[in-house]
Amino acid sequence: MDAAAYPDWPALPEELMDLVMRLLDIPDLFRAGAVCTSWYAAFSAARRARIPVADGSPCLLYSCAGDDADTATMYSASGGGAAFKVRLPAPAFRSRHVVGAGHGWVVTADEESNLQLLNPLTTAQLDLPPVTGLRHVESFADEQGRTMYRLYGEDPWHPDLAMPYKPKELRLFLYHKAYLSCRPSAGAACVVLLLCRPDGELSFARIGDDRWTHIAKSEFVQLDSGYRGAAYNDKDGLFYLVSFDSSVHTLDLNGPSPVVKCIVKQYSRYDDPIRSVILAPWGDMLQVWRYAELRWLDNLQVSAEIADEVICPSQESYTCDVEVYKVDINDQKLVKISGLELQEHALFIGFNSPMLLSTREFPMFRPNCAYITDDSSENICINKYGCGEVGIWNFEIGHLESFGNIQSAHPRLNWPPPVWITPDLS
């Protein structure tokens, strides 16, 4: 059809605009909504019908059984348990490893172990510095000419020794978790903080950087007591870090060089739960400790095509306990609290940046509970197609409960790891 015959695009009939908007892919739907006022009105109506997220509440992002490899599912509790599909750009979503999420974006690692930032709704994608941009990773060719990586520093007593990894294998062992300071649309103001091996080493990059900047450990962090989690505070512009021994540090990246300070000294524990640090809306700092145990599965079959990606197909971990502590900076201690002291908020923990949201603002979620997804990097190294826990931790009875009807209505796969994401609908 000759577009010149219809020069007044905003004057298209409302019924026709509604039909067009409902046929567009979700990323194109968002672009169409930015054309003009009348198109935005049609876009808003179509978005409400097609995207069951009315309030920016957390959705579960995962790969759904039966979908194409490049299609992701977003499951929305605010939409009454509805789900919608998004076709994502290459590399295929099912080939990626998810290592972080925040501000509507996810951090994924492709099969070359390089990291990308991805907005699932708009399909915008940004490359982060390559894996060889880390100070302790280098590439080489094996006897068949295939790309391999060397990872240095695994043995703290022999830092010059290196462990060889296949490209898509390295990401499972190297990356612990990634955190964002703000939306990537902020450009160089957006910092991606990366926790990786060995032992929770820190590196960061700003949007546009071509290498990762290494951050030396604080003098208060001893050998074999590296960082385990982080949270960004946009009020003071600092990252807050929790280490293996539960000590807390601030990381200031606003000056010419990184500055790490210890604000809470070590709180000795012999075990090593999955630790998260969370800045509560009411001003407290919390630590969440998630404990996992191993169990053995009987008669589990692994197909030949993925057999080389699974170290132990019959072993998986499961969450056996979740504890919450208030960080008392003045008295330099941690005070254990019950889930009932979360002040009618819900926790969201996993590979995403931890969130603590008011259930008064988001009534579709249960108060004083923890919504969890699997973030055990150790378990993923052993069996990346294993458990992939998704559920609600009930602090009152100390048990993991199911999360809605997700498996019956929208069956999920365990790879890539499901993750909580707060869609950016602006």
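**Working through the model**

Mentor: Let us begin with valine 20, which lies in helix α1, residues 14-23. Please keep in mind that this is a predicted model.

Trainee: Let us step back. How many helices and strands does the chain have?

Mentor: The protein chain has 6 helices and 28 strands. It holds 426 residues, and buried residues make up 51% of them.

Trainee: What is the accessible surface of the chain?

Mentor: The accessible surface comes to about 19,500 Å², and 51% of that belongs to carbon and sulfur atoms.

Trainee: On to the interior. Which residues touch the most other members of the largest nonpolar core?

Mentor: That core has 46 residues, and Leu115, Leu174 and Tyr175 touch the most other members. Leu174 is also one of the buried residues of α4.

Trainee: What is leucine 115 in contact with?

Mentor: Beyond its neighbours within four places in sequence, leucine 115 is in contact with several residues, including Val99, Val107, Leu128, Tyr175, Leu194 and Trp212. There is also a second, separate core of 18 residues, with Ala77, Phe348, Tyr371 and Ile406 among them.

Trainee: Where is serine 203, and what does serine 203 touch?

Mentor: Serine 203 is in strand β13, residues 201-206. Serine 203 is buried, since its relative accessible area is 2%. Not counting residues up to four places away in sequence, serine 203 touches Leu134, Val192, Leu193, Leu194, Trp212, Thr213 and His214.

Trainee: And alanine 230, buried or exposed?

Mentor: Alanine 230, found in strand β15 (residues 227-233), counts as buried at 2% relative accessibility. Leaving aside neighbours within four places in sequence, alanine 230 is in contact with Tyr179, Leu193, Tyr240, Leu241, Val277 and Pro354.

Trainee: How many Å separate the C-alpha atoms of alanine 230 and leucine 194?

Mentor: These C-alpha atoms are separated by 9.5 Å, and the two residues are 36 residues apart along the chain.

Trainee: Changing topic: how many disulfides are there?

Mentor: The count comes to 0 disulfides. As for individual cysteines, cysteine 64 counts as buried at 5% relative accessibility, and cysteine 369 counts as buried at 5% as well.

Trainee: How many salt bridges does the structure hold?

Mentor: The structure holds 16 salt bridges. In one of them, the side chains of arginine 87 and aspartate 68 meet with an N to O distance of 3.5 Å. Arginine 87 lies in strand β3 and aspartate 68 in the loop between β1 and β2, so the pair ties together parts that are 19 residues apart in sequence.

Trainee: How exposed are arginine 87 and aspartate 68?

Mentor: Arginine 87 is partly exposed at 48%, and aspartate 68 is partly exposed at 43%.

Trainee: What about arginine 135 and glutamate 201?

Mentor: Their side chains meet in a salt bridge at 3.1 Å, N to O. Arginine 135 lies in the loop between β7 and β8 and glutamate 201 in strand β13, so this pair ties together parts that are 66 residues apart in sequence. Arginine 135 is exposed, with a relative accessible area of 54%, whereas glutamate 201 is buried at 9%.

Trainee: Which residue forms a salt bridge with glutamate 323?

Mentor: Lysine 336 does, with the closest N and O atoms 3.4 Å apart. Glutamate 323 is in strand β21 and lysine 336 in strand β22, 13 residues apart. Glutamate 323 counts as buried, at 10% relative accessibility.

Trainee: Which residues are linked in a network of salt bridges?

Mentor: Lys177, Arg290, Asp375 and Glu389 are linked in such a network.

Conventions: Residues are numbered from 1 along each chain as its sequence is written. This is a predicted model: local features need pLDDT of at least 70, side-chain atom pairs count only at pLDDT 80 or more; totals for chains, interfaces and linings use all residues. Side-chain values use heavy atoms; hydrogens and water are left out. A disulfide is a pair of cysteine sulfur atoms within 2.5 Å. Buried means under 20% relative accessible area, exposed over 50%, partly exposed in between (1.4 Å probe, protein chains only). A nonpolar core is a set of buried Ala, Val, Leu, Ile, Met, Phe, Trp, Tyr and Cys residues joined through side-chain atoms within 4.5 Å. Contact means heavy atoms within 4.5 Å. Helices (H or I, at least four residues) and strands (E, at least two) are DSSP runs, numbered from the N terminus. Accessible areas come from the Shrake-Rupley method with a 1.4 Å probe; for residues, only the protein chains shown count as cover. A salt bridge is a side-chain nitrogen of Lys or Arg within 4 Å of a carboxyl oxygen of Asp or Glu.
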